[in-house]
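These are my notebook entries on one structure. I set down what I looked up, entry by entry.

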2 protein chains.
Amino acid sequence: MNSLFKEIGSEVDAELHRIFKARSDIPKKLLESMAYSTFAGGKRLRPMLVIASAESVGGDRKSAYPTAAAFELIHTYTLIHDDLPAMDDDELRRGMPTNHKKFGEATAILAGDGLLTLAFEVISEPQPNGHHIKPETQIKLLNRIAKAVGAEGTVGGQEVDMECEDSSGDIKKLEYIHTRKTGAMITAAVEAGGIIGGAGDEELSLLNIYGQSVGHAFQIVDDILDVTGNTEKLGKPAGSDEDRKKMTYPSLLGLEKSKKLADEMVDRAVETALKLKGDSKILVTIAKFIGERKH
Amino acid sequence: MNSLFKEIGSEVDAELHRIFKARSDIPKKLLESMAYSTFAGGKRLRPMLVIASAESVGGDRKSAYPTAAAFELIHTYTLIHDDLPAMDDDELRRGMPTNHKKFGEATAILAGDGLLTLAFEVISEPQPNGHHIKPETQIKLLNRIAKAVGAEGTVGGQEVDMECEDSSGDIKKLEYIHTRKTGAMITAAVEAGGIIGGAGDEELSLLNIYGQSVGHAFQIVDDILDVTGNTEKLGKPAGSDEDRKKMTYPSLLGLEKSKKLADEMVDRAVETALKLKGDSKILVTIAKFIGERKH
């Protein structure tokens with residue numbers, strides 16, 4: 001990660017801390033559980049995409065922070081629920097005990113519910129830093145995000161992923177799952193930045209293509225790392241997808257073809273970003289960073 | 001229930017059907033699971049409160065339907081998650097198998113997540129029936145609701161309720177739990193109707209008192225019914241709170257004092273409703289209905 005990533009990352013963290021500090025009425029254990037997973041060392045990829053995308057259409061970075069933080073809250077909720085015993089039953093995440101291992105299953109379920117709801121609260125509140133977003137923009141944003149992360153998007157992807165465990169599938173099924181489970185939220189983060197930055201229809205459709213491409217690349221690389229990475233570096237047991245007989249890009253396409261597809265997606269993202277009129281430097285850097293993770 | 005309740009109930013159900021029909025991209029089993037609990041014979045109390053409250057300040061009933069339906073989606077999500085094995089571990093709800101008993105735990109968790117997210121999607125979308133709500137009203141509504149049902153409200157109440165099982169407590173603790181777990185959403189439903197109907201500050205503060213009163217009465221009556229009701233009528237095992245050593249109003253105050261407190265709350269709700277300038281007939285009927293359930 002370069003210094004720009006670090007700078008944005010720490011600004012997003014400051015925003016997340018501000019959000020938690022303003023909620024003094026959350027019961028202690030629940031708050032600890034919500035904060036534990038939120039500050040567990042995530043890459044802040046989705047918040048960065050929101051901010052980078054706002055800048056790429058000439059928007060103001062600061063007005064994107066609350067929404068950027070909201071995406072991290074939503075992402076964190078999906079991780080907590082996905083790790084639950086009834087779902088992937090994972091004990092480690094980024095080298096640390098998963099939320100339910102640390103706080104118990106009931107609190108983990110509620111922490112996820114609380115984070116998801118908090119995200120919508122944050123997006124719908126008056127912007128705290130004077131960087132006002134108009135109500136019609138807020139509502140458009142919120143609707144776009146709710147659609148992306150709900151039963152037709154992220155939640156639906158996880159459902160089909162659960163239904164498919166231990167069964168063989170094809171590339172079409174895999175794409176169906178990932179488009180929803182990972183892709184929908186990443187694409188929504190990119191579009192959200194565009195909406196905040198006041199993007200027109202043409203820019204929004206470029207951002208949509210960029211978002212779909214990096215989302216696709218991200219998932220392929222994640223699957224590749226599960227085969228080639230080591231447990232220490234991943235913070236979770238390498239090969240866990242294979243142990244669980246999950247469909248992955250390498251298992252369906254082979255490792256080389258998967259790497260090639262990831263490269264193609266990164267190239268498409270970069271080309272699309274360069275067509276934007278504003279400063280698309282960060283969008284380009286993020287796309288390249290996603291591609292480089294696999295080496 | 002009188003005929004007015006039936007009429008509103010079937011209009012709310014029609015709105016809920018419209019919402020599900022418009023989401024053709026929800027995976028089949030997930031959709032079935034979400035719809036199963038949504039149409040499991042709930043009383044539609046929260047939607048009725050939204051609608052009654054909108055009318056009590058002179059608002060248009062139809063413009064309240066999407067938000068009314070959204071409250072039922074949120075309420076249904078809390079029931080599904082509360083019934084999970086890690087929470088109350090209930091097998092029956094309204095005489096039918098609970099969601100996780102019927103669809104499995106993973107799908108039940110996801111159905112809850114999907115319903116919560118769908119509620120925010122519904123409130124933030126352009127109103128379908130031409131009964132437009134202004135974006136600034138939509139965003140105010142949404143923020144009020146998110147705050148009420150999140151970690152400082154419903155979710156936080158459930159957390160503290162979980163932490164308190166099998167432990168003795170006092171009336172202060174019980175009020176803390178119920179103000180959040182049940183009260184926050186009921187009060188928010190009443191205020192939401194007011195916001196939609198264009199209530200001023202004074203009306204909103206009357207609606208807040210009404211909401212708190214009926215919320216309080218509702219919970220006391222629920223606790224009383226758990227002691228005095230029979231399993232068939234309740235659709236869940238009577239005495240289950242006692243079996244679980246849960247704090248309840250009857251266990252802390254005794255049955256007679258609990259009934260008296262419920263009556264006081266109903267009276268306060270009715271008096272407050274009558275101070276509103278619009279048609280508060282339905283608000284009064286709902287408060288009385290809540291009080292009568294205990295006989």
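**Entry 1. Nonpolar core.** I take a nonpolar core to be a set of buried Ala, Val, Leu, Ile, Met, Phe, Trp, Tyr and Cys residues joined through C-beta atoms within 7 Å. For burial I require 20 or more other C-beta atoms within 10 Å of a residue's own. I note at the outset that the model is predicted. The largest nonpolar core holds 170 residues, and I looked up which of them touch the most other members: they are A:Ala119, A:Ala217, A:Ala287, B:Ala119, B:Ala217 and B:Ala287. I then followed A:Ala287 and set aside residues up to four places away in sequence; A:Ala287 touches A:Val214, A:Val266, A:Ala269, A:Val270 and A:Ala273. As background, I recall that in soluble globular proteins nonpolar side chains tend to be buried together.

**Entry 2. Chain A as a whole.** I found 15 helices and 2 strands in chain A. Along the principal axes, the C-alpha atoms of chain A fill a box of roughly 50 × 50 × 35 Å. Of the 295 residues in chain A, 55% are buried. I also looked at contacts in chain A between residues at least 6 apart in sequence; 73% of these join residues at least 24 apart.

**Entry 3. Relation of the two chains.** I asked what rotation superposes chain A on chain B. The rotation is 180°, with 0.0 Å of shift along its axis and an RMSD of 0.0 Å. The two copies are therefore related as by a two-fold rotation axis. The same surface serves both copies, since 100% of the contact residues of chain A recur in chain B.

**Entry 4. The contact between the chains.** I recorded 44 residues from chain A and 44 residues from chain B in the contact. On the side of chain A that touches chain B, the elements that give two or more residues are helix H2 (28-38), helix H6 (105-124), helix H7 (135-149) and helix H8 (154-164) of chain A. H6(A) gives the most to this side, with 13 residues. By class, I noted 22 nonpolar, 10 polar and 12 charged residues on the side of chain A that touches chain B.

**Entry 5. Helix H6 of chain B.** I checked the span of helix H6 (residues 105-124) in chain B. Its 20 residues reach 29 Å from the first C-alpha to the last, close to the 28 Å expected at 1.5 Å a residue. H6(B) is mostly covered, with 19 of its 20 residues buried.

**Entry 6. Helix H8 of chain A.** I asked how many residues of H8(A) are buried. The count is 8 of 11, so H8(A) is largely enclosed by the rest of the structure. The buried residues are A:Thr154, A:Val155, A:Gly156, A:Gly157, A:Gln158, A:Glu159, A:Asp161 and A:Met162. I then looked up what the buried residues of H8(A) pack against: H4, H7 and helix H9 (171-196) of chain A, together with helix H2 (28-38) and H6 of chain B.

**Entry 7. Positive phi angles.** Most residues other than glycine have a negative phi. I noted A:Arg44, which is not a glycine and has a positive phi of about 60°. A:Arg44 is found in the loop between H2 and helix H3 (45-56) of chain A. With 24 other C-beta atoms within 10 Å, A:Arg44 is buried. I also noted A:Asp89, a residue other than glycine with a positive phi near 50°. A:Asp89 is found in the loop between helix H4 (65-83) and strand E1 (92-93) of chain A. Is A:Asp89 buried or exposed? A:Asp89 is exposed, with 12 other C-beta atoms within 10 Å.

**Entry 8. Two residues of chain B.** I located B:Glu203 in helix H10 (residues 201-228) of chain B. B:Glu203 is buried, with 21 other C-beta atoms within 10 Å. Leaving aside neighbours within four places in sequence, I found B:Glu203 in contact with B:Val57, B:Gly194 and B:Leu276. From B:Glu203 to B:Glu191, 12 residues apart in sequence, the distance is 9.3 Å, C-alpha to C-alpha.

B:Leu174 counts as buried, with 22 C-beta neighbours inside 10 Å. Neighbours within four places in sequence aside, B:Leu174 is in contact with B:Gly169, B:Met247 and B:Leu252.

Technical notes:
Residues numbered from 1 in each chain as written. Chains lettered and ligands numbered in written order. Predicted model: local features only at pLDDT ≥ 70, side-chain atom pairs only at ≥ 80, totals over all residues. Least-squares fit on C-alpha atoms with pLDDT ≥ 70 in both. Contact = placed C-beta atoms within 7 Å. Helix = DSSP H or I, 4+ residues; strand = E, 2+ residues; numbered from the N terminus. Nonpolar A, V, L, I, M, F, W, Y, C, P; charged D, E, K, R; others polar. Expected span 1.5 Å × (residues − 1).
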